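Good morning, everyone, and thank you for making time for this.

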Amino acid sequence: MSAILECIRTVGRGERGRKPLTFEQAYQVMDEYLDGKSGDDQMAMLLMLIRVQNETKQEIAGFVKAFQSRVPNLGADIDWPCYAGKRKSAGQPWHLLAAKLLANSGYKVLLHGYHDKPAGRLHAQDYLSVLDIELADSPDIAKQLLDEKGIAYLPLNKFAPQAETMIGWKNRYGLRTPINTVVRALNPGGAKLGLRGSFHPGFQQLHAEVESEIGLTRHAVVSFKGQSGESEYNPKVSQTVWVSTPSGVESHYWTERMLTDIPMPKQCLFNTDATEMNMMANTVVSTMAATLFAEINDYEQAFEKAYQIWVDYCRDAGS
């Protein structure tokens, strides 16, 4: 029996007989699919069955590992997935400014994402020109942009086109599949730091555990409930944040932190409404702080560094 059929049987049996895939099974079945040894209908069925049961860290890690053998390693410092998009009521993708400011501070930031037009959300890709962030047409161009400008946006279809096809199955079958979790962890830049924003409960821990399961101990990832599920930290909420470290996964509880007395740039690149400017500023600082925590492992120090970057921006480039 082929690997795909055996995996379908494993997760699709009756309630007493079914069980999740092991890391090795998940890796093999995705590896064979990417090599064209199984069809879209078979893989779609498998992913739907896994989704109904809730994907495990071993399954996601195995899928990610199969993709990572085929994606580039571009020498980035920060891995920044942009897949969810923001609901219009949650404001514009302010996290892009956080990424840009970290790039201006010397980090190489690789943004990567998927533009889900049917979702009707505000996607990072639509705001790149506002912040002078270039879209790379290939991994080679992304690497060149990282070296020259410190930041680039690489669309999913430019480094993992099969993953984009699989994301599109949601519109065909009406159900989100585990591939939405997989793409956030692909890390095409080979970065040592990363952030993961997700919406549904439980996925914050899952994203951090996947990094440890893959075995990339040098890749420190901070995972949190992001605005609309995007990689943007919400300063208005208190929440548990999960972090992958060389020794395993840790959890930290961060309380709400909204600064009322915070500098503002004279002009907002997003043309944010005056009533939302405080939220914009706090969001940018908090998102930078969350990202820097993956490196510093001390939230107060990370927040202080992020705040100083923001103050310098408001004084110089933002004035």
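Predicted model: local features only at pLDDT ≥ 70, side-chain atom pairs only at ≥ 80, totals over all residues.

Let me start with helix H4, residues 57–68, and helix H10, residues 203–214, whose axes come within 9 Å and cross at roughly 60 degrees. Because of that angle H4 counts as oblique to H10, and the crossing in which H4 passes H10 is right-handed. On the H4 side the contact is made by Lys57, Gln58, Ile60, Ala61, Val64, Lys65 and Gln68, while H10 contributes Leu206, Glu209, Val210, Glu213 and Ile214. If you sort the residues of this contact by class, you find six nonpolar, two polar and four charged.

Now to the second pair, helix H5, residues 95–104, and helix H12, residues 299–315, where the axes come within 11 Å and cross at roughly 90 degrees. An angle from 65 to 115 degrees counts as roughly perpendicular, and so H5 is roughly perpendicular to H12. Here Leu97, Leu101 and Leu102 of H5 meet Ile309, Trp310 and Tyr313 of H12, and by class this contact has six nonpolar, no polar and no charged residues.

Finally, how many cavities of 30 Å³ or more does the structure hold? There is one, and the largest cavity has a volume of about 30 Å³. Its lining is formed by Tyr233, Pro235, Val237, Trp254, Thr255, Glu256, Arg257, Ser286 and Tyr299, which divide into five nonpolar, two polar and two charged residues.

Methods: Residues numbered from 1 in each chain as written. Heavy atoms only, no water. Axes fitted to C-alpha atoms, helices over the stretch in contact; angles between N-to-C directions. Helix = DSSP H or I, 4+ residues; strand = E, 2+ residues; numbered from the N terminus. Parallel < 35°, antiparallel > 145°, perpendicular 65-115°, else oblique. Left-handed = near helix turned anticlockwise from the far one by under 90°. Contact = heavy atoms within 4.5 Å. Nonpolar A, V, L, I, M, F, W, Y, C, P; charged D, E, K, R; others polar. 1 Å grid on protein atoms, 1.4 Å probe; cavity = no way out; pocket = protein on both sides within 12 Å on 5 of 7 lines; lining within 4 Å. Points joined across faces, edges and corners; volume = space filled by probe spheres on them.
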